[in-house]
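Subject: Structure for you to look over

Dear colleague,

Here is the structure I said I would pass on. My notes on what was found in it follow below.

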Amino acid sequence: MEIRELRYFVAVAEELHFGKAAQRLGIAQPPLSRAITQLERRLGFALLERTSRKVTLTAAGGVLLAEGRAILSAVTAAERRTRRAATAQPSLVLAVKSGTGGELLTKLLDAYAAEPGAATVELQLCEAHQHQLLLQDGQADAALLHLPFDSAAGLDTETLYTEGQVAILPASHPLASRSQIRMADVITLPELPMARWPGPSGSYPEGPGAEVRNLTQLFQLIALGRTTVVIPESASADLRRDLAGVPVLDAPPVATAIAWPPHSRLRTVADLIRVATRLSSPPLWQSGKAAR
């Protein structure tokens, strides 16, 4: 099976229309139809059910669609990583969520830059649940995750440190003056329903809270008295004056980890992981702050 054939089949399987698939691929429809027919003949079974009115996937076609997407993604990722490795000045792309990073990110970048032969680190700012896709398709070489909020399925990870969580509230809210609160205090606020983050599929869970994608947007909505959130303490560093972060005693701890594709063989990634691990043992961060 050739990569070209997989691209053709995936396009038809996703569009379920030969004309639209041909247009997407930039080829004429007749050679596309012939290529799919030849592929099916060589495999010995049908991948698509065709009628004059519609195209549908067979059970085998559904399997090949899933496998084909993974293969094409891996091919694209391999090309991107190879191109970066072939440049005169090696570079490394690190994915981080917009508005996060803080002291850990600063120390990691500074320590890595001091390493002999360190590559140029490019930051890829992303939104919730985008890390996996960026790593899988080669747009990023490594990522900083907050577990268990970010999924690490299919990735290798190294935990750097754990920390508590804080509730972010409008500075004028009565709870903002407390030294600590509990989850029940936060989730029962009718005037400040908990913010909702998108899941891996991009859809939002049901609920009255505001739909948010990044911290900048979230903090603006909290300041306006529309929502609230419980997040890792380090993400609340340098809060704006109209917001307050209050420790939540019974919120589960959050682990910050560095993640990378399990098949990665890039020396630059291995060096970055080594530096990150060295910085976290003994830990330089306790509850999101540098240890004194």
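Contact here means that heavy atoms lie within 4.5 Å. Please bear in mind that this is a predicted model.

Helix 2 itself runs over residues 18–25, and its buried residues are Phe 18, Ala 21 and Ala 22. Viewed along the axis of helix 2, these buried residues fall within an arc of 100 degrees, so they line one face of the helix. Just after helix 2 comes Gly 26, with a positive phi of about 75 degrees.

Next is helix 3. Helix 3 covers residues 29–43, and at 1.5 Å a residue its 15 residues should span 21 Å; the C-alpha atoms at its ends are 21 Å apart, which agrees. Which residues of helix 3 are buried? They are Leu 32, Ala 35, Ile 36, Leu 39 and Glu 40. These residues cover an arc of only 130 degrees around the axis, which puts them on the same side of helix 3. On the face turned away from that buried side, helix 3 carries the exposed residues Arg 41 and Arg 42.

Now for the protein as a whole. It has nine helices and twelve strands. The C-alpha trace spans about 70 × 55 × 25 Å along its principal axes. Of the 292 residues in the protein, 43% are buried. Among contacts with a separation of 6 or more, 66% are between residues 24 or more positions apart.

Strand 10 is made up of residues 254–260, and Thr 256 is found in it. Is Thr 256 buried or exposed? Its relative accessibility is 3%, and residues under 20% are classed as buried, so Thr 256 counts as buried. Leaving aside neighbours within four places in sequence, Thr 256 is in contact with Leu 104, Leu 145, His 146, Glu 158, Thr 159, Leu 160, Tyr 161 and Glu 163.

That leaves the empty space. Rolling a probe the size of a water molecule over the atoms shows where such space is left.

The largest pocket holds about 530 Å³ of space. It is lined by 27 residues, and those closest to its centre are Phe 149, Trp 197, Val 229, Val 230 and Ile 231. Strand 8 (residues 229–232) gives the most to this lining, with four residues. By type, the lining of the largest pocket divides into 17 nonpolar, six polar and four charged residues.

How many cavities of 30 Å³ or more does the structure hold? There are two. The second largest cavity has a volume of about 40 Å³. His 129, His 131, Gln 132, Asp 150 and Ser 151 line the second largest cavity. In that lining no residue is nonpolar, four are polar and one is charged.

Regards

Notes. Residues are numbered from 1 along each chain as its sequence is written. This is a predicted model: local features need pLDDT of at least 70, side-chain atom pairs count only at pLDDT 80 or more; totals for chains, interfaces and linings use all residues. Side-chain values use heavy atoms; hydrogens and water are left out. Helices (H or I, at least four residues) and strands (E, at least two) are DSSP runs, numbered from the N terminus. The expected span of a helix is 1.5 Å times one less than its number of residues. Buried means under 20% relative accessible area, exposed over 50%, partly exposed in between (1.4 Å probe, protein chains only). The arc is that of the directions from the helix axis to the C-beta atoms. On a 1 Å grid over the protein atoms alone, a cavity is a set of points where a 1.4 Å probe fits but cannot get out, and a pocket is an open set with protein on both sides within 12 Å along at least five of seven lines; lining residues have an atom within 4 Å of a point. Grid points are joined across faces, edges and corners, and a volume is the space filled by probe spheres set on the points. Ala, Val, Leu, Ile, Met, Phe, Trp, Tyr, Cys and Pro count as nonpolar, Asp, Glu, Lys and Arg as charged, and the others, Gly among them, as polar.
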